[in-house]
Amino acid sequence: MRLEYFQLIDRVVDLDLADRRISCEATVPSVSTVFEGHFPGFPLMPGVLLVEAMAQTSGWLVSSINKFKRMSFLASVKEAKLRTFVLPGYVLQIESKLVHEGSGYAVLDAKVKNNGKQVCDATITLRVMEFPNQELAGEMLKMAARVGLTPEMAAHG
Amino acid sequence: MSSTFETIANIIAETCDIPRDSITPESHAINDLGIDSLDFLDIAFAIDKAFGIKLPLEQWTQEVSDGKATTDQYFVLKNLAARIDELVAAKGA
């Protein structure tokens, strides 16, 4: 996780376009300025960042389904449950499954696990639209490559 | 079996916490009921599931933006119900 860049996914572990699901991995950093305030003497991964991690994982799945031709933006989060504390150093498995692909939006069920134990889950709605500019389109391809997601993976799942 | 209008009126009432009695076939989802685009995504999701269709929201929005259609054609509820019936019929054809 690169908390300072809001890039919460380290790598894509599995992508199954037929079953419309994705699995990612991310390690919570041992040290971050985030933990200086949240909380002094008891560093905890903020719940909103766990929700963001689920949203980003969901976004990579929808981007793959759309072959990186469209961009996903977080629209709503429902039934978010933060079930247990997430501490610095935890290795997280973040999974998302497409529930419904609508016209211009997608609904996904996402969850985060640590050592097989579910630590949070939510239903994520993403708006799906054209890239607002070509710069973002290019940067998203670079970020996708950084997490190990290539257009070839997206093509074959 | 409830009518298409009844189904979408119930969906709107439940999704947006709008009194069911205030929702009529003549209601405009945006202008009369004050439903915004985000709430309409929830409604579209519920409608898609209930009828087994995919409301072409992007196409409708584009047609309105291009001046080829009015919002009344898609967002007055009796018209929305008619569009849904067309989509359901097309699916079964």
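## Elements of chain A

Helices (H or I, at least four residues) and strands (E, at least two) are DSSP runs, numbered from the N terminus. Chain A follows the pattern β-β-α-α-β-β-β-β-α-α along its sequence, with four helices and six strands.

This is a predicted model, in which local features need pLDDT of at least 70, side-chain atom pairs count only at pLDDT 80 or more, and totals for chains, interfaces and linings use all residues. Residues are numbered from 1 along each chain as its sequence is written, while chains are lettered from A and ligands numbered from 1 in the order in which they are written.

## Confidence and overall dimensions

pLDDT is the predictor's confidence in each residue, from 0 to 100. Chain A has a mean pLDDT of 94, and 96% of its residues reach 70 or more. Among its elements, strand 5 of chain A has the highest mean pLDDT (98), and helix 4 (residues 151–156) of chain A the lowest (67).

The radius of gyration is taken over C-alpha atoms, and the globule rule is 2.2 Å times the number of residues to the power 0.38. For 157 residues a compact globule would have a value near 15 Å; chain A has 15 Å, which agrees. The C-alpha trace of chain A spans about 45 × 30 × 25 Å along its principal axes.

A residue is buried if 20 or more other C-beta atoms lie within 10 Å of its own, exposed if 12 or fewer, and partly exposed in between, with C-beta atoms placed from the backbone. Of the 157 residues of chain A, 34% count as buried. Two residues are in contact if their C-beta atoms, placed from the backbone, lie within 7 Å. Among contacts in chain A between residues at least 6 apart in sequence, 70% join residues at least 24 apart.

## The sheet

Two strands pair if DSSP finds at least two bridges between them. In chain A, six strands form an open sheet in the order 1-2-4-5-6-3, with antiparallel pairing. Strand 1 (11–16) and strand 3 of chain A are at the edges and have a single partner strand each, so one side of each is left without a neighbour in the sheet. On average, neighbouring strands of this sheet are turned by 25 degrees against each other, direction ignored. Axes are lines fitted to C-alpha atoms, for helices over the stretch in contact, and angles run from 0 to 180 degrees between N-to-C directions.

Helix 2 (residues 47–65) of chain A packs on the sheet and touches strand 1, strand 2, strand 3, strand 4 (91–101), strand 5 and strand 6 (117–130) of chain A. The direction of helix 2 makes about 50 degrees with that of strand 6 of chain A.

## Strand pairs and turns

Strand 1 and strand 2 (residues 21–27) of chain A pair in the antiparallel sense over five bridges. In this pair, A:Arg11 stands opposite A:Glu25, and A:Asp14 stands opposite A:Ser23. Four residues lie between the strands of this hairpin, where A:Arg20 takes a positive phi near 55 degrees. Strand 2 of chain A has a covered face of A:Ile22, A:Cys24 and A:Ala26, and an uncovered one of A:Arg21, A:Ser23, A:Glu25 and A:Thr27. Seven bridges join strand 2 to strand 4 of chain A, antiparallel; A:Thr27 has A:Val91 in strand 4 as its bridge partner.

Strand 4 and strand 5 of chain A pair antiparallel over nine bridges, and A:Ser96 has A:Ala110 as its bridge partner in strand 5. These two strands form a hairpin with three residues between them, and A:Gly104 in the turn has a positive phi of about 85 degrees. Strand 5 and strand 6 of chain A pair antiparallel over ten bridges, with A:Ile124 in strand 6 as the bridge partner of A:Leu108. Their hairpin has two residues between the strands, and A:Asn115 in the turn has a positive phi of about 55 degrees.

## Contact with chain B

Nine residues of chain A are in contact with eleven residues of chain B. On the side of chain A, strand 3 (70–82) and strand 5 (105–114) are the elements that give two or more residues. By class, this side has three nonpolar, six polar and no charged residues. Ala, Val, Leu, Ile, Met, Phe, Trp, Tyr, Cys and Pro count as nonpolar, Asp, Glu, Lys and Arg as charged, and the others, Gly among them, as polar.

## B:Pro25

B:Pro25 is in the loop between helix 1 (4–16) and helix 2 (37–51) of chain B. It counts as partly exposed, with 15 C-beta neighbours inside 10 Å. Not counting residues up to four places away in sequence, B:Pro25 touches B:Phe5, B:Leu77 and B:Lys78. The C-alpha atoms of B:Pro25 and B:Leu80 are separated by 9.2 Å, and the two residues are 55 residues apart along the chain.
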